[in-house]
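Hi,

Here is the structure I promised to pass on.

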Amino acid sequence: MIDYAGIRMTQGQLISCEEKEGVNDNMTKSHFHDFYELYYLVEGGRHIIVEGLINTIEPGMFAIKAPYVMHHSFGSVDVPFKRIVLYFKPGSVESEAIAKALINSTGIYKPSSKDSAAIHNLLKLILREENSSNIYKEELLRSLLNILLITILRQTPNKERNSNKNLIE
């Protein structure tokens, strides 16, 4: 699976988003980026290893990985999946308070169905805008990213450190 969003980030974009589907598209080695990654599972099931801990995610759940955090993902044999990945550089965050909160954001999130739908809708808006040639495209992408991050950070109690452990209360 070619990571076009990752390629765009290495070419200098501040924000890049991509939706992919696959079966048996598994990474064999952990890697890291110099930017944040938000991995939202739309359909199927995936296992995400973040800093050596195996986490299982289901549709509506997502992972956030801060820059330089080792990670990779894999699925069970012949289980199809659909995911949206959003990459963003720290400089694309417009608020110092959000930037500070993101420092400790690495983890697996299991939002309520209402919050998951809101996050999914914001990701779809980001996808649509990224694929457009609209005036003020970059400004809208940054605004949507910051709304998304606020939505996520407001529901931080639903963050899991590891899917094999209880939710943080």
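Before the notes, a word on naming: helices (H or I, at least four residues) and strands (E, at least two) are DSSP runs, numbered from the N terminus. Keep in mind that this is a predicted model, where local features need pLDDT of at least 70, side-chain atom pairs count only at pLDDT 80 or more, and totals for chains, interfaces and linings use all residues. Residues are numbered from 1 along each chain as its sequence is written, and side-chain values use heavy atoms, with hydrogens and water left out.

Salt bridges

Side chains of opposite charge can pair when their charged atoms come close. The cut-off used here is a side-chain nitrogen of Lys or Arg within 4 Å of a carboxyl oxygen of Asp or Glu. By that rule the structure holds five salt bridges. Three of them are described here.

Lys100 and Glu96 form a salt bridge, with 3.6 Å between the closest N and O atoms. Both residues belong to helix H2 and sit four residues apart, which is about one turn of the helix. For accessibility, buried means under 20% relative accessible area, exposed over 50%, and partly exposed in between (1.4 Å probe, protein chains only). Lys100 is exposed at 55%, and Glu96 is exposed at 59%.

Arg8 and Glu130 meet through their side chains in a salt bridge of 3.1 Å, N to O. Because Arg8 is in helix H1 (residues 4-10) and Glu130 is in helix H3 (residues 113-130), this pair ties together parts that are 122 residues apart in sequence. Glu130 counts as buried, at 7% relative accessibility.

Glu94 and Arg142 also meet in a salt bridge, at 3.7 Å, N to O. That pair links distant parts of the chain, 48 residues apart: Glu94 is in the loop between strand S7 (81-88) and helix H2 (96-102), while Arg142 is in helix H4 (residues 137-154). Arg142 counts as partly exposed, with 26% relative accessibility.

How many of the residues of S7 are buried? Eight of the eight are, so the strand is largely enclosed by the rest of the structure. Phe81, Arg83, Val85 and Tyr87 point one way from S7, and Lys82, Ile84, Leu86 and Phe88 point the other way.

Strands of a sheet pair through backbone hydrogen bonds, either parallel or antiparallel. To call two strands paired, DSSP has to find at least two bridges between them. Strand S1 (residues 15-22) runs antiparallel to S7 and is joined to it by eight bridges; Ser16 has Tyr87 as its bridge partner in S7. Strand S2 (residues 36-43) is also antiparallel to S7, with seven bridges, and here Tyr36 stands opposite Phe88.

Aromatic pairs and a charge over a ring

Rings of Phe, Tyr and Trp (its six-membered ring) pair if their centres lie within 6.5 Å; planes under 30 degrees apart count as stacked, over 60 as edge-to-face and the rest as tilted. A search of the whole structure finds four aromatic pairs. One of them is Tyr36 with Phe88, stacked at 4.9 Å centre to centre with 10° between the planes. This pair links strand S2 to strand S7, across 52 residues. Tyr36 is buried at 6% relative accessibility, and Phe88 is buried at 1%.

Phe62 and Tyr109 form a stacked pair too, 4.8 Å centre to centre and 5° between the planes. Phe62 is in strand S5 (residues 62-65) and Tyr109 in strand S8 (residues 107-109), so the pair ties together parts that are 47 residues apart in sequence. Phe62 counts as buried at 0% relative accessibility, and Tyr109 is buried at 1%.

Which ring does the charged end of Arg46 sit over? That of Phe81, at 3.9 Å from the ring centre. The rule is NZ of Lys or CZ of Arg within 6 Å of the ring centre and within 35 degrees of the ring normal.

The three-stranded sheet

There is also an open sheet of three strands, in the order S4-S3-S6, with antiparallel pairing. Strand S4 (53-57) and strand S6 (71-74) are the edge strands, each pairing on one side only. Strand S3 (residues 46-50) is joined to S6 by four bridges, and Ile48 has Ser73 as its bridge partner in S6.

Cheers
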